[in-house]
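These are my notebook entries on one structure, set down in the order in which I looked things up.

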Amino acid sequence: MQICQQVDQQRVARKGFSVSRMGMVSAFVIAALCLGAQPGLAANSKAGAATKQAAAPAPAKNEPLAATDSGGTDGAAPQSAVPVAETQDAANDGTGKAPAADNAAATANANNSPTAEQAQATGNAGGDEPKTDTGNGESAPATDGGASAEGSAAGENAQTPGADAANDAVNTGDAAKAGDNNAQAANADQKPPFSPDLVIDRARELAKKPFENPHRELPGALADLDAAQYAKIKFKADQAFLKDSATGFSMELYHPGYMYDVPVGINLIRDGKTQPVPYSSSLFDFADTGLSDNNVGAQGYAGFRLKYPLDSVKSNEELASFLGASYFRVMGRDQVRGQLARALAIDLAGPSGEEFPVFREFWVEQPTDPWGKVTVYALLDSARVTGAYQFDIFPGERTVSSIKATLFFRDQIQKLGIAPLSSMFLFGEQKRRHFDDYRNEVHNSDGLLIHNGQGEWLWRPLDNPKNLQISSFLDQNPRGFGLMQRDRNFDHYQDAGAHFEKRPGYWITPKGDWGKGHVELVEIPSPDETNENIVAFWVPDTKPKAGDELQISYDLTAMSDGRELHGMARALDTRIAPIPGGDEDNGGIHRFILNFRGGDLDYYMDDIASLQADVSASNANVSNIRVEKDAENGGVRMTFDLAGTGETPTSNLRAFLHYKDRVISETWTMPWAF
């Protein structure tokens, strides 16, 4: 592994304050891991969605990964869904069973790979769903196949017999029907009124006890399902919970099966009291799987999703879902499934292997505010940390999830990842790796946007590198970061099933003082779009130790391209081409073409001679810097040539526009390997 670090403290005036030329107090670290015979490291970076946790046994079977969705409904099987074959990784997680490895394209040695996460199985109208593997063989949430978008608009105005039966069992204490996941149902009437403090107290007490493996052996009929078969298990939409035409919300459940073997407790909060939801197979349609509700032999649920009329007052789309490990997603208006979020990342891409927290129990509050919010409480558990989470979800064009968490640590954690985001990038307009594909671009997100504590806006285009790449953006009290999908032009993708142009961008807005740390970006080599090979998260400098308590608060916003976040010119396109005649021993010469548009750029273009490009590169020579009007696309085009010096094999690049002494664009930044 080679690590190069460049800190350039030159400064330039930006509207009354100074900014560091290297960004976030601005150390930019690139870690390159040479994989040699491991062409698909993404296969080693399986995010733990249904997590076969590091402390827990994994099923001895092939397991596809979680769903980044190539565009579609709710994770039900795509019209042309193809199961993603996975290989078994021989790495042992300490339980005597081998965790599941990643996808069909690659088998990787988890012991050799400090990897990031990934997500998803097959899953929607676009074809195969991206999936993930994290170096120790954990699987990320697969396609949310337990519930179908079909038929969801019909029969939505009344609680139906299946849901009523489940709630009746709660109130009468039918423990047999509730199963071991809901054995507490018998005592529901004796429980005190619900309070968020109850979840916090549960997490605090749980942290004082030894960690117990949350995974359970599934009946063979369910454990043997592949991703496409699992996606055929449909929740009966007419039996949805929390249905109320006055609020527009409803809730559907996911059945256990495939790699989802953690029984999750589901509770409703009505009139301030808790009502556990006992397991009932009658809530599901198994017909397309060849199973029936009489022979599945399961108890408990795998997760749930919330639905809401996002696109129109009469529609009924997926608003949020919680399925697998600590994964969740939220969606806004006119968006299709893309990237995922998760509660925590622990030692992701670290040498010791990743640990995957899981949500063990949920409490979903009956919405009462017409067209307002829905609140979800969750109990998190892992080998070294427990936590109480609260999600206040506000649906809309830009759906916002306000997240509060109280964490309790059983043991020290070397790298705690806060507000992790997972996405997929196969290739874009820069085409640093070439794929035989009819589409010009394939990605759920095309860049990482950061608003650092100094007020600087950084744009980092994503890449599908040849080697594992880890970039760190040092900062103090960050103002925001997120993985964005800026390119919203269908013609650039030409994928009518996946609709990459409709994938949401996720923006994290920290609340309170997050202190010193860094935004970390992990980019994992991937041979195809079935891997969620991009991860971004905040890492605090302070490492939590046993007995510590930590409170976290932030907003996660599902938005479009994020143009409303700032009023500066944005770097929208990055194209790279080799130039003949360079010193090939030192990587040759490459030409970079960057397009900037938006903000006040048009105002300054009448004096384009005074519009300058500030370009810098560590351990490299920059020449032929030019700025010219982009008559076809609008804005300006910046070009420059880059040549290596032979001193190091990597370089850190930065570029921005300024008019005289005023910075008028965000800062484009990229690592480069000669």
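**Entry 1**

I located D561 in the loop between β29 (549–559) and β30 (570–579). I note that the model is predicted. Leaving aside residues up to four places away in sequence, I found D561 touching M484, Q485, R486, R488 and R570.

**Entry 1: Salt bridges**

I looked up how many salt bridges the structure holds. The count is 28. I followed several of them in turn.

R486, listed above as a contact of D561, forms a salt bridge with E666, and the closest N and O atoms are 2.5 Å apart. R486 lies in the loop between β25 and β26 and E666 in the loop between β36 (662–663) and β37 (667–673), so this pair ties together parts that are 180 residues apart in sequence. R486 counts as buried at 6% relative accessibility, and E666 counts as buried at 0%.

I next examined R439, which forms a salt bridge with E529, the closest N and O atoms being 2.5 Å apart. Because R439 sits in the loop between β20 (425–427) and β21 (442–443) and E529 in the loop between β27 (516–523) and β28 (534–540), the pair ties together parts 90 residues apart in sequence. R439 is buried, with a relative accessible area of 8%. E529 is buried as well, with a value of 13%.

K511 forms a salt bridge with D555, with the closest N and O atoms 3.0 Å apart. This pair links distant parts of the chain, 44 residues apart: K511 is in the loop between β26 and β27, and D555 is in strand β29. I recorded K511 as partly exposed at 37% relative accessibility, whereas D555 counts as buried at 17%. I also noted one network, in which salt bridges that share partners join E252, R305, K307, E318 and R337.

**Entry 2: Nonpolar cores**

Which residues have the most contacts inside the largest nonpolar core? I found M251, L253, F304, Y389 and F391, in a core of 84 residues. A second, separate core has 35 residues, among them W457, L601, L611 and W668. For background, I recall that nonpolar side chains tend to be buried together in soluble globular proteins.

I found S352 in the loop between β14 (344–346) and β15 (358–365). At 61% relative accessibility, S352 counts as exposed. S352 and Q414 are 62 residues apart in sequence, yet their C-alpha atoms are 9.5 Å apart in space.

A349 is also placed in the loop between β14 and β15. In contrast with S352, which is exposed, A349 counts as buried at 8% relative accessibility. I checked its backbone and found phi near 60 degrees, a positive value in a residue other than glycine. Most residues other than glycine have a negative phi, so I wrote this down.

Q494 also has a positive phi, near 55 degrees, and is not a glycine. I placed Q494 in the loop between β25 (480–484) and β26 (505–510). With a relative accessible area of 35%, Q494 is partly exposed.

Note on methods:
Residues are numbered from 1 along each chain as its sequence is written. This is a predicted model: local features need pLDDT of at least 70, side-chain atom pairs count only at pLDDT 80 or more; totals for chains, interfaces and linings use all residues. Side-chain values use heavy atoms; hydrogens and water are left out. Helices (H or I, at least four residues) and strands (E, at least two) are DSSP runs, numbered from the N terminus. Buried means under 20% relative accessible area, exposed over 50%, partly exposed in between (1.4 Å probe, protein chains only). A nonpolar core is a set of buried Ala, Val, Leu, Ile, Met, Phe, Trp, Tyr and Cys residues joined through side-chain atoms within 4.5 Å. Contact means heavy atoms within 4.5 Å. A salt bridge is a side-chain nitrogen of Lys or Arg within 4 Å of a carboxyl oxygen of Asp or Glu.
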